[in-house]
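Q: Hello! I am new to this structure and would like to learn how to read it. Could we go through it feature by feature?

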Amino acid sequence: MVKYDTLKLVGEVMKTTVLLPADTYIVINRTVLNDQDRKLLISLYQPVIGTTAISLYFSLWSYLDKMELCSTEWTHHHLMGNMGIGLSEISVAREKLEGIGLIKTYLKKGDINHYVYALYSPLSAAEFFANPILTTALYHNVGALEYQKLVEYFKMPRFHLRDYTDITKSLSDVFETVSSQDVSHIETGIRRRAKQRMKLVSKIELDELLGLIPEEMINIRSITKDMRELIDKLSFIYDLDNDAMLEIIRNSLTEKRTIDRTKLRNQARNYYTFEHDGRLPSIAYKHQPDYLRRPIGDQSPRAKMIYQFETTSPYDFLCGKNHGVKPSKNDKLILEYLLIDLGMMPGVVNVLIDYVLRINQNKLTKNFIEVIASQWIRSNVKTVEDAMKLAQKEMTRKKNLPKPANKTVVKQPEWFTQDVTDKKASVEEIDEMKRLLGQFQ
């Protein structure tokens, strides 16, 4: 039987707050929202984060007052009834909105917890298509044809004005200054469009990496903040380490010792598709979402094992199983298949990987994993505890299966055990054999 009580707990246990129907919330608007934002959210964001997350954003937006500044206080029970979904779905939708930069969440704890949801504007179409993380996820989810249609829809039309003369008046042509009251003081707190940056923890040591490139090949001063952010985003979406990114940057350098942004994107994309059999990446949960985690408090070995599964990414978990060695190309394709194609939760994937390695002689075979993964999906396994129980139940079932009866012994033919003795032919037998053979010459 598989026993999940052997791994050592890494790091301190994080306290998670469970969302309850009685918890209250108010919505505040940190930006200026308009109808164009609705088009952007439905056309560009919805394919990436799903309809439930966008529906939550629109629901929160609808609670704002007539000036679209803030809402009155509501309970999450009201939000559940309004959207027709449960708290778990609201929690995961909120996390998606937070991760992609559309809302920020604040919490004040008490007998009843109080939340504040701050709304931010979506990126403009130009900013969205300039973001490699968002464009790659959009391309993966809608396909090449629909992606190209979206690009054409948001493109600025070209007008040919070569036969026209610009006759626009300047400010000084139309107005002049006159004496008036001093209004030179600066107004603060005026409403404006505000966008929230997606938070990324860099996967690479960029300064160390750039130091490995000779000065005659690259001008370090040309690496702007925007370029650093682009490199971080590419390293995230294409899962690039220092060595891979170093090679990609080298291949993207120009004669002017700068990095060509287009070449950098293409090089990163080509590297990933080559390593993943032409497939493009998408966005999946890195760790088990908070709403699917076990409440903290139990310090038993089993609880620590569950926490390990819940807080470790499948990639890092497999690295640990490989004693620190990076997963092979085929192993990474299996993880991608489980997380993206099948949509399994990261903690559940960890349990599945651990279970398969235990029962399959430390081998990860895709066909073998597909059978078990399909069974778990049909069983609607979402949490680590459910996955562990199912794995243990299956092991118990196999252990209790009746042993096969002894097979019927097939009697060997008599000739199988008889001794074969050599017997020399007589002179007459030899002459007869020669005569017969001569007939075929």
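A: Helices (DSSP runs of H or I, at least four residues) and strands (E, at least two) are numbered from the N terminus. This is a predicted model, in which local features need pLDDT of at least 70 and side-chain atom pairs count only at pLDDT 80 or more, while totals for chains, interfaces and linings use all residues. Residues are numbered from 1 along each chain as its sequence is written, and side-chain values use heavy atoms, with hydrogens and water left out.

Q: Is Gln392 buried or exposed?

A: Buried means under 20% relative accessible area, exposed over 50%, and partly exposed in between (1.4 Å probe, protein chains only). Gln392 has a relative accessible area of 12%, so it counts as buried. Its C-alpha atom is separated by 9.1 Å from that of Tyr355, 37 residues apart along the chain.

Q: What is a nonpolar core, and which residues have the most contacts inside the largest one?

A: In soluble globular proteins, nonpolar side chains tend to be buried together. A nonpolar core is a set of buried Ala, Val, Leu, Ile, Met, Phe, Trp, Tyr and Cys residues joined through side-chain atoms within 4.5 Å. Here the largest has 41 residues, and Leu44, Tyr45, Tyr57 and Leu119 have the most contacts inside it. A second, separate core of 33 residues includes Ile306, Tyr337, Tyr355 and Val356.

Q: How many residues does helix H2 have, and what span should they give?

A: The expected span is 1.5 Å times one less than the number of residues. H2 (residues 51-62) has 12 residues and should therefore span 16 Å; its end C-alpha atoms are 16 Å apart, which agrees. Among its buried residues are Tyr57 and Trp61. The buried residues of H2 pack (contact means heavy atoms within 4.5 Å) against elements including strand S1 (24-29) and helix H1 (35-49).

Q: Where is Ser121?

A: Ser121 lies in the loop between S4 and helix H5 (125-129). With 2% relative accessibility, Ser121 is buried. A polar contact is a pair of N or O atoms within 3.5 Å; within protein, one must be able to donate a hydrogen and the other to accept it, and residues adjacent in sequence count only if both atoms are side-chain atoms. One of 2.4 Å joins the side chains of Ser121 and Thr31.

Q: How many disulfides are there?

A: A disulfide is a pair of cysteine sulfur atoms within 2.5 Å. A search of the whole structure finds zero. Cys70 is partly exposed at 33% relative accessible area, whereas Cys319 is buried at 12%.
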